[in-house]
Amino acid sequence: MKVARWTRTSKLFTGGTAGVAVALACIPLVFESDVVQKLTTLLILVLLAAMWNALAGYGGLLSVGQQAFIGIGAYGTVFFADQGVTPYVAMILATLLAGAISLPISLFALRLRAAQFAIGMWVIAEVMSIIVRLDQNLGAGTGISLIQMNQYEPNFRQAYTFWLALAFTAIFLVALFLLLRSPLGTSLQAIRDDEDAARSLGVRVAARKRLLFVLAGFGCGAAGVLIVANTLFIEPGSVFSVQWSAYMIFMVLVGGLGTFEGPIIGAILLFAIQTTFTQGGPWYLVGLGATAALFALALPRGLWGTVEERLGLRLLPVGYRVVGAKGEERAA
Amino acid sequence: MTLLNVEALDCRYGLLQAVRSVSLRVEAGETVALIGANGAGKTTLLRAVAGAHRPHSGRVVFDGVDITRLPAHRRVALGIALVPEGRRLFPSLTVEENLRVAASRRRRGPWNVQSVLEVFPMLQQRRRRPAASLSGGEQQAVAIGRALMSNPRLLLLDEVSLGLAPIVVDAVYRSLAGIISEGSTVLLVEQDLTRALRVAGRVVCLLEGRVVLEEAAGGLDRDRVVNAYFGLRRPA
Amino acid sequence: MTLLNAALQGVFLGAFYAVLACGLSIMFGVMRIINLAHGDIAVLGAYVVFVIVEHAGVSAFIAFAAALPVMVVLGYVLQITLLERSLKAGILTPLLATFGLSIVIQNLLQLAFSPDVQSLGGSAGALTTSSWQLAGGLSVSALGLVVLVVAVLVFGALQLFLARTRIGWMMRATAEDADAAELVGINSRSVYAWATAMAVAIAALGGFFLAIRSVFDPVSGPTQLIFAFEAVVIGGMGSLWGTLLGGIALGVAQTLGAQVHPQFAVMAGHLLFLIVLIVRFGGGRAVLRAAR
């Protein structure tokens, strides 16, 4: 018996993913800017889903307040651009700011469990929203435009933003992938399976969770940066809206909580739904809410988790599997 | 008359199999002691009979009725009561409330708050104190009294002497002897072999989830029990 | 003196938050779950009253009395259909399921009633308009007083129910050890369902107060949930009287915050909540000890 991480499928697929990334990078050269804008939205969704999954699926941290970091990223970009920083540099700075702010928040938020953490994070997002509403320089309650982006010709602007989105998504997905594959990742899975048992075995649960929390802080901040770069206008009512959390929960639950691939599938699904029902509207949200609740109750492993379980398939290997003497494989 | 009939019962916790194909009969009026080492499956067996553990396969028949799928609270109404391991009182409720809360599905019978307090006189003074403030022996008395409140036909006792001083255990068993002599049917788990042999009419020994010995307590050779207990020489 | 008056108004406001929080506190106390759709259920209650008022033309109070049984049934059904299943699946599932439910309720209300704001203030009679001026610039509104008295009555009645009745003991027993409760003949499923039914009914009372005090719309729920949860946490989770005091503390913080800046009212409540969280769970004590 031996233990293996890679299967032939997963080698092929990981190589294929790199290929897909290269192909995606060529999109702005081929397609119209409205297509590029839509695909930027898709990448934002992928990024958000992956970050929320990092928290809930690997850290057991259910946050309904990640929009706090989305808001910091978005408003941080406007703030730095207003200080005269080149917009794309302002975006990098705003991402770093979101990550930096997540650290002090983690010091106390991570001591909370379950509902306290969930709603505690929500209140933090509300507080940030109020701070923005009180600040005239940030447009207060009525919103603000990222006017500095006007210096770029629209097609180029859209292409730059898309490439930034692609770079952010790739960086955060690879970071999460490497994190989960490192020895750290193994202890994270132990925490997910049984936090108290992991703690009693000497796993430094708090430090591990902090790593995920800060990663998600950076990632959601990056998503916020991309949102303002993509739409050029933000207002506190929408950027700090709990609806972002609803989207993240939907994508991750439907795709597969605690699987690497699931949230990506969930994001593509949500994107497809959003482009089909362009009207949006209440029925569409009723469907999202009901589907999320249904998956939580009836199919907790989501679409991808269920496929993985049934077929023993693993495309991006983050876990190990036992390879039996006769070659049969079992996910470990 | 057979009051309890356990047929080929299998109990699992995930992949761990705690009880393996156990069959057991308890006649009305009998006192049976379940013995065995830690992890032999005694507690799981009692919990499965009481309805607190859903068995993987097999049947539990009580007074001719298949109760395998019945939830615990409905079994109480039929006349099964378990004194769980570790007593499991409701800490913020007073002694009297602990007793009376257990009377919601009581059957007709001799037991009520008054008669329980007569059997355990030390509780008389503690009636209005929260259960959390009692000593171990007093808590055990409340746990037994709480089980009696439903007027059970079958009383299941899980390690009532655990964690108690010997003198307290003596007192508890004196009270139990009185309860048993009134004709109750009792299935008890007891670590103390001597005590088990003294109180029970029949002894059933479990080893790794299986019944390895089942015999009348009188005239039982102690060495054979010890062998069965540790699995030294399995009877064929 | 305006500060004192602000604090007094805070007590009235806080009594309203306490009523909102009561059901949340019951469900947390009995089942250890937080219902993220609690605020939306309160708003749903307000809409049920609204519909009855519109169709039957009765006063808001009679309509509320008629709505109450509807909400009790709703709570019972909610428990046996959705919450019971989620309870068995770990600590995160109830949060996920009720968050989904919250979105569903909000948007169904939008579909049924349009996103416009509504109020029941007009159909509650003179109660919403009368008030008395006391010495020292203090003012007492009839409505504030009614809410405060009802809040104290609700919490008092609950306390008596839990301390004195057998069903109350059954609820406490199930809350403390559901497994042992089953073993003494208590049907824990039924106890849970009645606890949720009670919680939903009291949430509807909170929604009713919201509707006659001010305005509501289909998406008012999340804000009510946050205030209710803040009251529960400030009061120390799981204690009934604590929740009443927590609600009042939250109300006072908000009205005093409004004295600083009108926009600062809600912020002050949030800050109080976060401070309590930090002190109680966030290692605040360790920091204080280290500083000494």
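In chain C of this predicted model, helix H6 (residues 166-176) and helix H8 (residues 188-213) pack at an angle of about 110°, with their axes 10 Å apart, and the two helices are therefore roughly perpendicular to each other, a label that covers angles of 65 to 115 degrees. Axes here are lines fitted to C-alpha atoms over the stretch in contact, and angles run from 0 to 180 degrees between N-to-C directions; helices are DSSP runs of H or I with at least four residues, strands are runs of E with at least two, and both are numbered from the N terminus. H6(C) brings C:Met170, C:Met171 and C:Thr174 to the contact, while H8(C) brings C:Ser188, C:Val191 and C:Ala195, where contact means C-beta atoms, placed from the backbone, within 7 Å.

Chain C also meets chain A, with 34 residues of chain C in contact with 36 residues of chain A. On the side of chain C that touches chain A, H4(C) gives the most, with 14 residues.

In chain B, strand E4 (residues 57-62) runs antiparallel to strand E1 (residues 2-13) and is joined to E1(B) by five bridges, pairing being assigned when DSSP finds at least two bridges. B:Asp10 stands opposite B:Ser57 of E4(B). E4(B) and strand E5 (residues 65-66) form a hairpin with two residues between them, and B:Asp63 in the turn has a positive phi of about 55°.

Residues are numbered from 1 along each chain as its sequence is written, and chains are lettered from A and ligands numbered from 1 in the order in which they are written. Local features need pLDDT of at least 70 and side-chain atom pairs count only at pLDDT 80 or more, whereas totals for chains, interfaces and linings use all residues.

Terms used
Two residues are in contact if their C-beta atoms, placed from the backbone, lie within 7 Å. Angles under 35 degrees count as roughly parallel, over 145 as roughly antiparallel, 65 to 115 as roughly perpendicular and the rest as oblique.
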